[in-house]
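This report describes a predicted model. It covers one chain on its own and then the contact between two chains.

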There are 2 protein chains.
Amino acid sequence: MKVVKFGGSSLATAAQFEKVLNIVVSDPARKFVVVSAPGKRFVQDIKVTDLLIECAEKTINGENNHELIEAVLERYRNIADELKLPIEFIQELHKDLLELLNRDITNKNRFLDAVKASGEDMNAKLVAKFFQSRGIDASYFSPKDAGLLVSDESGNAQVLPESYERLYTLRKIPGIIIFPGFFGYTKNGEVATFSRSGSDITGAILANGLKADLYENFTDVDAVYSVNPMIVHHPVEIRELTYREMRELSYAGFSVFHDEALIPAFRAGITVNVKNTNNPTAPGTKIVHKRDNTNGPVVGIASDKGFCSIYVSKYLMNREVGFGRKLLAILEEYGISYEHTPSGIDDISVILRQNQMDQYTEQDILERIKTELLADEVKIEHDLALIMLVGEEMKQNVGTAARATKALANAGVNIEMINQGSSEVSMMFGVKQASERKAVKAIYEEFFAVVPV
Amino acid sequence: MKVVKFGGSSLATAAQFEKVLNIVVSDPARKFVVVSAPGKRFVQDIKVTDLLIECAEKTINGENNHELIEAVLERYRNIADELKLPIEFIQELHKDLLELLNRDITNKNRFLDAVKASGEDMNAKLVAKFFQSRGIDASYFSPKDAGLLVSDESGNAQVLPESYERLYTLRKIPGIIIFPGFFGYTKNGEVATFSRSGSDITGAILANGLKADLYENFTDVDAVYSVNPMIVHHPVEIRELTYREMRELSYAGFSVFHDEALIPAFRAGITVNVKNTNNPTAPGTKIVHKRDNTNGPVVGIASDKGFCSIYVSKYLMNREVGFGRKLLAILEEYGISYEHTPSGIDDISVILRQNQMDQYTEQDILERIKTELLADEVKIEHDLALIMLVGEEMKQNVGTAARATKALANAGVNIEMINQGSSEVSMMFGVKQASERKAVKAIYEEFFAVVPV
C-alpha cells in the first residue's frame, strides 16, 4: 500500500487533476492521497494559500475581503467547471469559507491557521468529488475524523505520537482516501498547521501511521539532479539517494525537502519516491535507508554561497582551556549562529552565513575577540562558497579526495578549506565565491562526465 | 648581544665544557650564557637532576642519601679534575650541598625544588670557574641577585613581569655572565623551578629581559629535520621555521621545544637559533616571526599515533541547539580532553588521544551518548595517526592539497580525515596507524625528494 502526495503545481488546473486521477488509478496500491492547495499555474500566479493568508489578514484588520474571497473561489470554480462538476459544490465551499471567516478572531494565530488550512481542505474535497464523478470509489477524509492530533503551536504544529495508531485504523476503510495536507487538529479540536511544506509532512505522517510500503511524493521535476542545473546543463539524475545523502545535499543549496518534513517516514524506515506528475513513467528519485546500487563514490554535488570565516590565532591556544567556548559565547551574544568551527593547534576558524552581520556588528565582534581573548590575530574572510561532495561510498574509496583536489587544482581554484571525514557521506570544500561555478563544474566533470571511448 | 643556552648533553663532560668555552669566546656578542645541569654521557647514564631528585626524596623519607650525594659530586669532580680546576672548589660544592640537604623538609615541594635547582646552580659555578681558569672575564650570577622573580608554584613557576626590567640592568655588567637555568626566586626568597625544559625557559626570559638580538639554543642536533628521521633517512634540514610552524610541528610528535618554553622570546620578537654544540659551524635552524626565503609550500611533516575518533550521527543534528556542547560535557565528566571536533551536517566526530580511555570507560561513554543524546549511530575508530603538513606558504598555494592527496592515493593509503584551512600554516590528514609510515614517506617524497635531472 502506498501513500501518494501531490504538491500544489500538480493540482493547479483541471488538466493537472486529470493527470492526478490517471496516476492514482493506474496503481491499485495507491490508496491514500494527500493533496496540497492549488499552486501556481504560471510564474506570476498567486498560490491559493497566499490568497487565503491575505484574506485572513484583511479580515483580522477589518478591511474589505470580498475580492480575495472571490479570487480564492475562482480558482476552485475554474477547475470544477472544466471538470464538469455540479455548481452546487462550489456554492457549498463558498458557504463554508464565509462561515470560517466570520469566526471569532480574538486568537489571531488560530484564526489565521484555520483559514490557511482551508485551501488544502477545499482541494481535498474537490479531488474526492472529481474522483467520484468518474465513478471511482474515493472519499474525502478529515484529519479530525482520522485522529491526526497535533501540538497547539500555530504554524509549527508537531504531530502527537498517539496519532499514528489511530491513522493505522484507516487501512480498513474501503476505496481511495483523499486527505488534505498541511494541518491537523489540537486536542481542543482546533486547526493547527505544520510549518513550511506542510503537505509533505502530512504525507510522511500518514506513511508512518499506515505502515505504507512506499511514500510517493509527486512534484514537477523528473528527479533530484546530481548537481544544480543552473551550473551544469542536463546533469545526471539521481536514482537512489539515502536519507543521509539527501540531508547533506539539502544543506548546501539543494532544497529537495524541507528539513523536518520526512522525519516520520525516516523513523518508520519508509522509502520516499520523488516523482513527476507531468511525467509519471519516469522512475524519479528514491530516498532510501540503504542503497544497493552504486554509481561511483559521489552521487551529488551541492554548493552554497554567502559564507564568511572568522580566523583567530593565538600562540599556545590549544593549552588554553575554554578558548573555543569563550569565542562562541561572544557570537551568541549577537545572536549569531555558526556552521562549523574547524580548529588547528593554535588557531580556530568559525564558518558562518555572513548575512547575519552588518559592517558594524562585524567590527565590534572582531574587536572584542581581539581584546577580550587576547588573540594574536583576528581576521575575517568574506564571500566564501561551500561545496559539498556527497556519497555513501566516499569513506571506503581511496583517492576520492585526490580526484576532487586535482580537479580543483587543474581548474586553477584555490582551496580555502577542506573538511573531510567528519561526515561519513560528504566532503566539504571552501572556495572563494567567485570560483564557485568553476569549482562545481570541475568536480562534476571529474566524477560524472561520460568519457567517450 | 646574544643569550646562549647550553643543554645538559652539551655540559656532560670536560670535553663538552671545552667546546662550550670555544663557542662562547668565538663570538664577542655571546655575553649571557645559560647552563643546564650535566646530562647523560651515554645512553644508560643518569642525569644529575635525576640523581638530585632521588637524593631529595631519600632525605625526605629519612633514608640514607650518602651514595647519591657522592654520585652527584662525582659528576662535577670528574669534570673539574679533567679541566684541572682546584680541588677546593668541589669541596665548596660538597659543603653547600650538605647544607642544602640539612634544611627544613616540612614543605616537601619547596625542599625538592631547592635540591633539584642545585644541579644547574653548581654547574653554572663550575662553568664560571672553568672560564676564569682560562683567563676569561666571566662570572657566575645568581637568579636571586639578578632579580629573576617567579610565582610561588613549585615545579611550575611562572616568571613575574617585573623581572624583565631588572634583568635589563645586567647589560651593564662587564664580562661574560654565567647563569643557571631552570629556576628563579619567589618574593619570599625561596627557590622555585620551572616546568620541564626549564633551562630553555630561563634562556627565553633572559633574551626577553635583556632585549637580546638573538637567543642561541645549543643542543646535540645539527638542525630541526623536515620529517622524523626514524621514518625517512637523512631528511632535509629546516633552515628557518616560524614560531607558528614550530608549534604545529611540535604538536604531532616533533618535540622541538617544550610548549611554553619559548613564550618570552616569542613575545619579545626574538629569533631563536637551534644549534649543535658538537658542530657549531653548522647553521642550525632559526625560529623566526616572519620567514623570507621559502623552499616550497611544505617545510615539515609531523605525525603522531594513538588517536581515536568517536563518530556520532543523528538525523537533523544541525537543527538541535547544544548537541555538540552536551556531547563534550559527557567527555568532560570522564576528564577526557579532545583535540578536534570536526562536524558535518548531521554528524560530529571527536578526535582524542585514545590512552585516556580504557575499554570500560569507552563502552560507558558510547552507551551514554547513544541513550542520553538519542543518537542514531555512535561508533569509535581506534588506532588513528594524525599527519601534519606544515608551511606558511600553504594557504596561497593552489594544488598543495592535490599533491598530498594524490601522493597518498598512489601509495594506497585511505584518508580517514582531512582538516585543511582551519590553520593557515598546516593541513592535517588522519590515516590508520598501520599506514602512518607509508603515508609520511609518500608525502615526504612528493614535497622534498630531489628529482635527479
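Of the 453 residues in chain A, 58% are buried, where buried means under 20% relative accessible area, exposed means over 50% and partly exposed lies in between (1.4 Å probe, protein chains only). The model is predicted: local features need pLDDT of at least 70 and side-chain atom pairs count only at pLDDT 80 or more, while totals for chains, interfaces and linings use all residues. Residues are numbered from 1 along each chain as its sequence is written, chains are lettered from A and ligands numbered from 1 in the order in which they are written, and side-chain values use heavy atoms, with hydrogens and water left out.

**Chain A**

Chain A holds 14 helices and 17 strands; these are DSSP runs numbered from the N terminus, with helices (H or I) of at least four residues and strands (E) of at least two. Its C-alpha atoms fill a box of roughly 75 × 60 × 40 Å along the principal axes. Among contacts (heavy atoms within 4.5 Å) between residues at least 6 apart in the sequence of chain A, 74% join residues at least 24 apart.

Strand S7 (residues 214-219) of chain A has five of its six residues buried, so the rest of the structure largely encloses it.

Helix H14 (residues 436-448) of chain A contains A:Glu446. This residue is partly exposed, at a relative accessible area of 31%. Leaving aside neighbours within four places in sequence, A:Glu446 is in contact with A:Arg403 and A:Ala407. The C-alpha atoms of A:Glu446 and A:Ile178 are separated by 46 Å, and the two residues lie 268 residues apart along the chain.

**The interface of chain B and chain A**

Chain B and chain A each give 55 residues to the contact. About 4700 Å² is buried between them, and carbon and sulfur atoms give 50% of that area; buried area is the accessible area (1.4 Å probe) that two parts lose on being put together, summed over both. Of the area that chain B buries against chain A, B:Arg247, B:Tyr315 and B:Ile345 supply 16%, more than any other three residues.

Six salt bridges are found across the interface, a salt bridge being a side-chain nitrogen of Lys or Arg within 4 Å of a carboxyl oxygen of Asp or Glu. A:Arg244 forms a salt bridge with B:Glu377, where the closest N and O atoms are 4.0 Å apart.

Which elements give two or more residues to the side of chain B that touches chain A? They are helices H9 (243-251), H10 (263-267) and H13 (400-410), and strands S14 (347-353), S15 (377-390) and S16 (417-420), of chain B. H9(B) gives the most, with six residues. By class, this side of chain B has 20 nonpolar, 17 polar and 18 charged residues; Ala, Val, Leu, Ile, Met, Phe, Trp, Tyr, Cys and Pro count as nonpolar, Asp, Glu, Lys and Arg as charged, and the others, Gly among them, as polar.

Strand pairing also links the chains: S16 (residues 417-420) of chain A and S16(B) pair in the antiparallel sense over three bridges. In this pairing, A:Ile418 has B:Gln420 as its bridge partner.

Note on methods. Two strands pair if DSSP finds at least two bridges between them.
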